[in-house]
Amino acid sequence: MQDTVVLKKHAALFDDMGTALGLDLQTQAIGGDLPLEEISEAVLRCTKCAHPEKCARLLAVSDLQASAPPDYCRNRDLLDNLQEQVG
């Protein structure tokens with residue numbers, strides 16, 4: 001049960017970070033730009049982050065419009081690549 005809670009928390013963090021960066025991860029997944037396997041891997045990478053609370057506080061800012069993921073983000077490269085595909 002605890003594993004499910006952790007996975008859901010980090011899935012939400014990953015999705016919220018995408019939203020803060022102006023990405024629609026669901027649309028990118030449906031369009032084939034973000035394979036489901038990569039989403040799973042991204043969530044697992046996120047669970048290994050040393051700063052999930054810091055990330056959650058950052059994302060809690062309602063008007064956050066980030067230009068890049070934080071330096072500590074374990075999915076920074078993936079999110080940067082997705083931004084390039086959109087931009």
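Does cysteine 46 count as buried or exposed? Cysteine 46 counts as buried, at 11% relative accessibility (buried is under 20% relative accessible area, exposed over 50%, partly exposed in between, with a 1.4 Å probe and protein chains only).

The model is predicted, so local features need pLDDT of at least 70 and side-chain atom pairs count only at pLDDT 80 or more, while totals for chains, interfaces and linings use all residues. Residues are numbered from 1 along each chain as its sequence is written, and side-chain values use heavy atoms, with hydrogens and water left out.

**View 1**
Cysteine 73 is buried, with 18% relative accessible area.

**View 1. Helix 1 crosses helix 3.**
Helix 1 covers residues 2-20, and helix 3 covers residues 36-47 (helices are DSSP runs of H or I with at least four residues, strands are E runs of at least two, and both are numbered from the N terminus). Two packed helices are described by the angle between their axes and the distance between the axes. Here the axes come within 9 Å and cross at roughly 105 degrees (axes are lines fitted to C-alpha atoms, for helices over the stretch in contact, and angles run from 0 to 180 degrees between N-to-C directions). Helix 1 is therefore roughly perpendicular to helix 3 (65 to 115 degrees; under 35 is roughly parallel, over 145 roughly antiparallel, the rest oblique).

Which residues of helix 1 and helix 3 make the contact? Helix 1 brings Val6, Leu7, His10, Ala11, Leu13 and Phe14. Helix 3 brings Ala42, Val43, Leu44, Cys46 and Thr47. Contact means heavy atoms within 4.5 Å. Nine of these residues are nonpolar, two are polar and none is charged (Ala, Val, Leu, Ile, Met, Phe, Trp, Tyr, Cys and Pro are nonpolar; Asp, Glu, Lys and Arg are charged; the others, Gly among them, are polar).

**View 2. Leucine 44 and leucine 7 sit 37 residues apart along the chain.**
Leucine 44 is found in helix 3. A distance of 7.5 Å separates its C-alpha atom from that of leucine 7. Leucine 44 is partly exposed, with a relative accessible area of 38%.

**View 3. Glutamine 28 is buried.**
Helix 2 (residues 25-30) holds glutamine 28. Its relative accessible area is 6%. Leaving aside neighbours within four places in sequence, glutamine 28 contacts Leu23, Asp33, Leu34, Leu82, Gln85 and Val86. Leucine 82 is 54 residues from glutamine 28 in sequence. In space, C-alpha to C-alpha, the pair is 8.3 Å apart.

**View 4. Glutamate 53 forms a salt bridge with lysine 9.**
The structure counts four salt bridges (a side-chain nitrogen of Lys or Arg within 4 Å of a carboxyl oxygen of Asp or Glu). In this one, the closest N and O atoms are 3.7 Å apart. Glutamate 53 lies in helix 4 (residues 52-59) and lysine 9 in helix 1, so the pair ties together parts 44 residues apart in sequence. Both partners are partly exposed: glutamate 53 has 44% relative accessible area, and lysine 9 has 38% relative accessibility.

**View 5. Arginine 45 forms a salt bridge with glutamate 38.**
The closest N and O atoms are 2.8 Å apart. Arginine 45 is partly exposed at 25% relative accessibility. Glutamate 38 is partly exposed too, with 27% relative accessible area.

**View 6. Aspartate 80 forms a salt bridge with arginine 76.**
The closest N and O atoms lie 3.9 Å apart. Both residues belong to helix 5 (residues 76-86). They are four residues apart, about one turn of the helix. Aspartate 80 is partly exposed at 23%, and arginine 76 is partly exposed at 25%. Salt bridges with shared partners join Asp71, Arg76 and Asp80 into one network.
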